[in-house]
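Reader: I'd like to learn how to read the aromatic contacts in a protein model. Can you walk me through them?

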Amino acid sequence: MKARIDKKDKVTKDVIIDSFMHHLTRSLAKHPDVASNHDRYFALALTIRDLLVDKWIETRREFDKKNPKCVCYLSLEYLMGRALGNAMINLEIYDVAKEAMDELGFDIEKIEDEELDAGLGNGGLGRLAACFLDSMASLQYPAFGYGIRYNFGIFKQIIQDGNQVEEPDHWLRQGNAWEIRRPERMRKIRFYGHTEKARSSDNKFKKEWVDTQDVIAMPYDMPIPGFKNGHVNNLRLWAARSLYGFNLSSFNSGDYINANLEASLTENITKVLYPNDNNYGGKELRLKQQYFLVSATLQDIIYRFKGAGGDIRKIDEKVAIQLNDTHPAMAIPEFMRILVDEEDLDWDEAWGICVKTFAYTNHTLMREALEKWPVAMLEKLLPRHLEIIYELNDRFLRRIANKYPGDVGRLNRMSFIEENHEKQVRMAYIAVAGSSRVNGVAALHTELLKHGLFKDFYDYYPYKFVNKTNGITPRRWLLKANPKLSKLIEDKIGESWYTNIDDLKKLEKHAGDKKFIEQLAAVKRNNKEVLARYIKEHNGINLNLDSIFDVHVKRFHEYKRQFLKILHAITLYLEIKDNPKGDFVPRTIIFGGKSAPGYFMAKLIIKFINSVANVINNDEDMDGRLKVVFIANYGVSLAEKIMPAADLSEQISLAGTEASGTGNMKFALNGALTIGTLDGANIEIKEAVGDDNIFIFGMKVNEVEELRKGGYNPEDFLKDQPRLRQVIELIKCGFFSTKQPHAFDPILDNMKIDYYMSIADFDSYNASQEQVSKTYLDQNAWHRKALFNIANMGSFSSDRTIKEYATEIWNIKPMLLE
């Protein structure tokens, strides 16, 4: 039995079996007869990791030898999904591994199901970062990902009595086969303290930050394999550890709580993603978390750069740092602190280097989602950084004043410091000023940034703003998630689309092939069967496979308008109740997604959806016609079941609120038709697939703005919508909450304002849904439209997006392995 796989070995079934048995019996000390499926998963994961390690090392050796310019990608989230299946596909050994497990009598799919999704992200931001890592490795770009190793992710969502209940996500409880701990690369992170004038320099801006409270950032590395190219990049995740650890003196004196207190408080920094910030302690913890990430990362980047003999004044020639949204924006004042206080650079020179090194991606138009920190909190927690921010702001406003003499309003709008009842630091503004490029993530989003959120900055820095429409990796979201559809496509056009997704366009010439359309429909039905079994097992609901699988899965937020979708579900319910013997196109409406723990209205909407589902699913008149399902704890692995099964993709945010969306791309790639507003990347999807292959409804951005300026009153729209008024009356009378008749009064109060204009868009939405039902009756036409969606997803590959970042922002080139 071989202890490991040699890199010269051809990876055969026998090689996999030998390594698997070695890890099962030696690494895990388990006899095969008593091993559980989880033991088998761990043994197979370690086997695959062995195959990655040699490639991982060789990639790093090549980097050290060639010393190319690289990108360092900073993100507070990475929604990675399961690593085992992805690694086997990228290493071209999935079929061999399956044969090996079959010979041993094990089901590889059951083994894969043992892997828990890594608790490193929450929504589209994190999944985009994961797709980008895949594309960087698959395109062989020299790249390093940096993030946080959260102990408990965001949370595990449980539904109890219709309510979202948050429980810890124990994704690390049984270990993580994919990580390597690197204690030799740990970094010290400082908080609190105060500043003093530097005594050892004539640089008047240099300060010493003293009497700090220090913690350790412990790095854990995860391999990111490229697709069939031997290139393996690195994702480094930081975990907070106490500098002093266990206090034995306190313990021996019987003070057991204080013996562990310092370590416990330190480790809270990386316990969970996005601590609830509706209180001071939670907000301070978020700031600590964000600074912890950027400080550890910048120390690591500079250490590696100097280790290769680099001159800090030329770091921008070898390193590009990409900020994935505003969360890591504290990296800019931290970099200035390092350059001025530690490297003794002149202020203007340091700022020039900083701007050339950083780039910033904005992911939201929601002002409340842009990081703003109270000045008093920064003064206490990061006193040196507040001084740096004030100096940056003074110099920046001087330049603005020189360009726009006497325009005080502009100065107030552009200041890094918001002068309200509580002074706050606007981190997004620092990110814009401190970066060489600022990009939105869809064509519309970038225009709204330029002419809305960052209008003053665009006026001043027009050259900085560029668009980079988001993308998804076809390896994860088609090849892995939908193997039957992938095989059908391969049989028609070959495998080139794995790395050149534009080749899916070749499918269009088969649109008139009736047999191929029938095969496409058969694959969809098979995928619906898989999802229906999952829902039966976890929700106890039987689904009609002939129904439209109408899916709205994403993070819960009012602007994403899950509420509009459930209003439509009630409308369908009432139509069936009015005519119980009528013919209706059957629907299964599927929801999934998490609300932030402190977001009252989003959590109440989850409760409302489940209450409506309880009524509909227990009404005999609805049997075979209408079902409403809420799938708990939505994440990547669930998405891989849901998206291939979906017939209809709900992308119904109010126009002008969604930055891009990537779920819309994943659904379309898997043959779902989109119903959506002209928002985010929906616009570009519409242009790609054609007007006949998408269902568009609702107001455009300019119409939303005009309505809001004119004084939007939902009552004006309700007058002409008797069905919607009937729906509201049902909510008022407690029809969906008989035990708590007033449970949904806050929703009714919200509807009186209807900030995200569900009522204004409802009539158009309902009419579009009627068109969906009519179209679905002609199955051949429906699946032909699905084919045009699949065939035209080429421009929504993350490979395309990363190539654009690499050439137009980072100025990096592929590092081809010798």
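This is a predicted model: local features need pLDDT of at least 70, side-chain atom pairs count only at pLDDT 80 or more; totals for chains, interfaces and linings use all residues.

Reader: Okay, and how do I describe a pair of rings?

Author: You describe two aromatic rings by how far apart their centres are and by the angle between their planes. With centres within 6.5 Å as the cut-off, the count here is 34 aromatic pairs. Take Phe227 and Tyr498: their centres are 5.5 Å apart and their planes stand at 90°, which makes the pair edge-to-face.

Reader: Where in the chain do Phe227 and Tyr498 sit?

Author: In distant parts, 271 residues apart. Phe227 is in the loop between strand S9 (213-225) and strand S10 (232-242), while Tyr498 is in the loop between helix H19 (483-493) and helix H20 (514-539).

Reader: Are Phe227 and Tyr498 buried or exposed?

Author: Both Phe227 and Tyr498 are buried. Now compare another pair, Phe697 and Tyr765: this one is tilted, with 4.8 Å from centre to centre and 45° between the planes.

Reader: What does the pair of Phe697 and Tyr765 tie together?

Author: Phe697 belongs to the loop between strand S23 (695-696) and helix H26 (701-709), and Tyr765 to helix H30 (residues 758-777), so the pair ties together parts 68 residues apart in sequence. Both Phe697 and Tyr765 are buried.

Reader: What about charges over rings?

Author: Two cases to look up: Lys288 lies over the face of Phe191, 5.7 Å from the ring centre, and Lys403 lies over the face of Tyr404, at 5.8 Å from the ring centre.

Key. Residues are numbered from 1 along each chain as its sequence is written. Side-chain values use heavy atoms; hydrogens and water are left out. Rings of Phe, Tyr and Trp (its six-membered ring) pair if their centres lie within 6.5 Å; planes under 30 degrees apart count as stacked, over 60 as edge-to-face and the rest as tilted. Helices (H or I, at least four residues) and strands (E, at least two) are DSSP runs, numbered from the N terminus. Buried means under 20% relative accessible area, exposed over 50%, partly exposed in between (1.4 Å probe, protein chains only). A charge sits over a ring if NZ of Lys or CZ of Arg is within 6 Å of the ring centre and within 35 degrees of the ring normal.
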